[in-house]
Amino acid sequence: GIDLLLRAYASLRSKYPFLRLVLKDQSNLYGITFSQLLETFRSANLDLDFNDELLGSIVPMSKNLPLDQLSALYGVADLYVSPYRAEGFNLPVLEAAACGTPVIVTKGGSTDDFFSPSMGLQVEGLFKESVWKEGPRKGMTKVSIEPDFGSLVAAIESMVQRRDSLAFNPREAALPFEWKRIGKQLKDLMLP
């Protein structure tokens with residue numbers, strides 16, 4: 001959903017010029033850089049006006065950060081937005097919440113396993129089925145969620161407008177998922 005996030009950011013940036021977007025690209029995992037993402041969006045003729053002013057407000061991050069720096073980044077962020085279409089678990093959402101950062105996620109996906117309304121907001125989405133066209137899964141059905149763009153923009157804008165008086169407590173909501181607690185539960189399950 002990076003395309004949706006960038007579109008939402010571009011649409012809100014003119015109204016809220018103080019907004020900044022720190023965007024972690026996928027160059028370390030998949031070799032996809034922010035520049036390549038922009039080129040893909042431009043060649044797909046997406047309705048995105050990436051002028052110099054807008055691009056200057058986006059901070060692309062390519063390298064992986066050590067845990068202390070990652071925690072500091074989550075801690076200074078006002079919001080963590082993950083309008084995903086498909087995710088296995090989406091641990092970064094839980095990491096952001098554990099650092100006290102409110103989150104926005106797609107409703108109906110993997111984050112439903114741990115999301116609590118005190119963590120932030122959920123974006124409405126529509127389930128879609130399609131068929132893999134190539135590779136080892138060719139012919140198999142895949143299911144994804146298409147986050148609703150209007151719902152995403154509304155959720156981000158809601159958080160921006162209430163940024164000084166957020167009624168969320170993401171850190172507390174993330175406590176049951178601390179490594180220490182999960183490790184103990186697993187140990188108790190495996191070693192009675």
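Three aromatic pairs occur in this structure, which is a predicted model. Tyr16 and Phe18 make up one of them, and their geometry is edge-to-face. Their centres lie 5.9 Å apart, with 70 degrees between the planes. Tyr16 counts as buried, at 10% relative accessibility. Phe18 is partly exposed, with a relative accessible area of 42%.

Phe89 and Phe114 form a tilted pair. Phe89 is partly exposed, with a relative accessible area of 36%. Phe114 counts as buried, at 3% relative accessibility.

| Charged residue | Ring | Distance from ring centre |
|---|---|---|
| Arg7 | Phe149 | 4.0 Å |
| Lys142 | Trp132 | 4.3 Å |

The second largest pocket has a volume of about 480 Å³. Its lining comprises 17 residues. Which of them lie nearest the centre? They are Leu94, Glu95, Ala98, Phe177 and Trp179. Four helices each supply at least two lining residues: H5 (67-76), H6 (91-98), H8 (170-174) and H9 (179-190). By type, the lining of this pocket divides into 13 nonpolar residues, one polar and three charged.

Methods: Residues are numbered from 1 along each chain as its sequence is written. This is a predicted model: local features need pLDDT of at least 70, side-chain atom pairs count only at pLDDT 80 or more; totals for chains, interfaces and linings use all residues. Side-chain values use heavy atoms; hydrogens and water are left out. On a 1 Å grid over the protein atoms alone, a cavity is a set of points where a 1.4 Å probe fits but cannot get out, and a pocket is an open set with protein on both sides within 12 Å along at least five of seven lines; lining residues have an atom within 4 Å of a point. Grid points are joined across faces, edges and corners, and a volume is the space filled by probe spheres set on the points. Ala, Val, Leu, Ile, Met, Phe, Trp, Tyr, Cys and Pro count as nonpolar, Asp, Glu, Lys and Arg as charged, and the others, Gly among them, as polar. Rings of Phe, Tyr and Trp (its six-membered ring) pair if their centres lie within 6.5 Å; planes under 30 degrees apart count as stacked, over 60 as edge-to-face and the rest as tilted. Buried means under 20% relative accessible area, exposed over 50%, partly exposed in between (1.4 Å probe, protein chains only). A charge sits over a ring if NZ of Lys or CZ of Arg is within 6 Å of the ring centre and within 35 degrees of the ring normal.
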